[in-house]
Amino acid sequence: MWILSILLLILILSIIIIIHEFGHFIWAKKFGVHIYEFSIGMGPVIFTHKGKDKIDYNLRAFPIGGFVAMAGEVYEDDNKVKKEKLMCNKPWLQRLIILVAGVVNNFILAIVVLFVGALIWGASYSVPKVEEIVKDSAMEKAGLVAGDEIIAVNDKKVTNWEKTQILLYFKSKNNTYKFDVKHEDGTKEVFYVKPTIEKNDKGEETKSFGFRVSTKTEKGFINSLKYSFVKFCSVVDTMALTLKGLFTGKLSLSALSGPVGMYEVVNQGIGYGISYLLYILAFLSINVGFLNILPFPAFDGGRILFMIIEKIKGSPVNAELENKFHTVGFFLLMILMIYITIKDIIRFF
């Protein structure tokens with residue numbers, strides 16, 4: 001089973017990476033940028049094909065990434081290539097399109113996958129409406145009952161279960177959570193819930209509120225199309241909320257997952273079938289797109305940030321400074337990934 005899980009994870013990540021890099025590739029090619037190679041994976045080349053377009057299409061040994069190598073990505077770095085074919089010499093708008101194309105492709109992939117999944121199996125929503133309360137649980141003691149609709153948690157409005165979950169995962173003062181609730185008769189009331197702290201089999205502390213929410217399933221073309229965009233926006237919203245939680249200290253780094261954590265999700269998802277694995281594909285594709293557009297060095301968003309600065313000041317940013325910025329960012333990113341992976345391994349075993 002573990003071999004199947006690893007292969008599925010590699011397949012999912014490979015699809016996401018290929019789609020992302022293809023976005024950069026196709027627009028760079030369209031705008032006449034000289035491309036050295038289009039590679040899937042990292043490390044030594046295990047298969048290569050020289051296309052009629054003189055581009056090397058490579059498959060590399062380690063399926064943990066991919067890249068498009070373009071001439072003059074930051075500055076004029078190849079005197080054998082015509083200057084007009086260097087990316088750095090292309091018009092500002094063309095360079096911007098090339099940089100954002102990978103993220104756009106990831107988002108399109110996610111929306112298409114969500115739509116297809118909903119069209120085949122139905123669009124399933126979990127809504128923040130209490131369907132069942134566990135006896136003697138924190139929610140029951142606070143006074144909530146089945147049928148209550150949660151409209152806000154700690155003064156933050158919620159319309160979907162994903163956002164509600166994130167807010168309940170956040171740290172809260174005195175471990176007490178404020179619930180704004182709408183009863184079935186239309187009246188509204190505020191409850192303060194203090195979840196019980198439980199320990200799982202690995203000794204990790206988890207909060208238990210003691211309730212289950214409603215799930216509804218809709219079918220049809222229009223409902224599936226609506227679902228794909230609503231779910232996409234919901235995942236982006238929760239990612240932005242998660243990022244904010246990390247910066248404000250309401251969420252710890254231990255909440256993040258790396259490759260090992262993703263393997264665990266895929267391993268558990270096998271039992272739920274193809275529909276769930278497709279959702280994981282869409283979810284991770286949104287994650288990759290969202291993270292890449294952040295103005296952080298080594299990400300597409302970091303390079304876009306320099307382009308925006310260039311536009312504001314009216315001249316290119318010092319290329320050496322930009323390179324150092326991306327190099328430092330890359331090493332910081334690697335340190336973070338190593339830390340998260342170690343935490344995942346400790347948690348997993």
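Trainee: At what angle do helix 1 and helix 7 pack, and how far apart are their axes?

Mentor: One caution to begin with: this is a predicted model, where local features need pLDDT of at least 70, side-chain atom pairs count only at pLDDT 80 or more, and totals for chains, interfaces and linings use all residues. Residues are numbered from 1 along each chain as its sequence is written, and side-chain values use heavy atoms, with hydrogens and water left out. Now your pair. Helix 1 (residues 2–30) and helix 7 pack at about 45 degrees, with their axes 10 Å apart.

Trainee: Why is helix 1 called oblique to helix 7?

Mentor: Set the angle against the classes. Angles under 35 degrees count as roughly parallel, over 145 as roughly antiparallel, 65 to 115 as roughly perpendicular, and the rest as oblique. About 45 degrees therefore makes helix 1 oblique to helix 7.

Trainee: What is the hand of the crossing of helix 1 and helix 7?

Mentor: Helix 1 passes helix 7 in a right-handed crossing. The rule looks at the near helix: turned anticlockwise from the far one by less than a right angle is left-handed, and clockwise is right-handed.

Trainee: Which residues of helix 1 and helix 7 meet?

Mentor: Contact means heavy atoms within 4.5 Å. From helix 1 come Leu8, Ile12, Leu13, Ile15, Ile16 and His20. From helix 7 come Leu277, Ile280, Leu281, Leu284, Ser285, Val288 and Asn292. This contact has ten nonpolar, three polar and no charged residues. For the classes, Ala, Val, Leu, Ile, Met, Phe, Trp, Tyr, Cys and Pro are nonpolar, Asp, Glu, Lys and Arg are charged, and the others, Gly among them, are polar.

Trainee: Why is serine 285 called buried?

Mentor: Buried means under 20% relative accessible area, exposed over 50%, and partly exposed in between (1.4 Å probe, protein chains only). Serine 285 has 0%, so it is buried. This serine lies in helix 7 (residues 274–292). Leaving out residues up to four places away in sequence, serine 285 touches Ile16, Asn106, Leu109 and Ala110.

Trainee: Is valine 100 called buried, exposed or partly exposed, and why?

Mentor: Valine 100 has a relative accessible area of 23%, so it is partly exposed. It lies in helix 2. Arginine 303, in helix 8, has 15% and is therefore buried. Not counting residues up to four places away in sequence, arginine 303 touches Glu73, Met87, Leu99, Glu322 and His326.

Trainee: How many aromatic pairs does the count give?

Mentor: The count is 15. Rings of Phe, Tyr and Trp (its six-membered ring) pair if their centres lie within 6.5 Å; planes under 30 degrees apart are stacked, over 60 edge-to-face, and the rest tilted. Take phenylalanine 179 and phenylalanine 209: centres 6.1 Å apart, planes at 65 degrees, so the pair is edge-to-face. Phenylalanine 179 is in strand 6 (residues 177–182), and phenylalanine 209 is in the loop between strand 9 (205–208) and strand 10 (211–218), 30 residues apart. Both are buried.

Trainee: What kind of aromatic pair do phenylalanine 306 and phenylalanine 325 form?

Mentor: They are edge-to-face, with 4.8 Å centre to centre and 70 degrees between the planes. Phenylalanine 306 lies in helix 8 and phenylalanine 325 in helix 9 (residues 319–348), so the pair ties together parts 19 residues apart in sequence. Phenylalanine 306 is buried at 8% relative accessible area, whereas phenylalanine 325 is partly exposed at 30%.

Trainee: How many helices and strands does the protein chain have?

Mentor: Nine helices and ten strands. Helices (H or I, at least four residues) and strands (E, at least two) are DSSP runs, numbered from the N terminus. Of the 349 residues in the chain, 41% are buried.

Terms used:
Axes fitted to C-alpha atoms, helices over the stretch in contact; angles between N-to-C directions.
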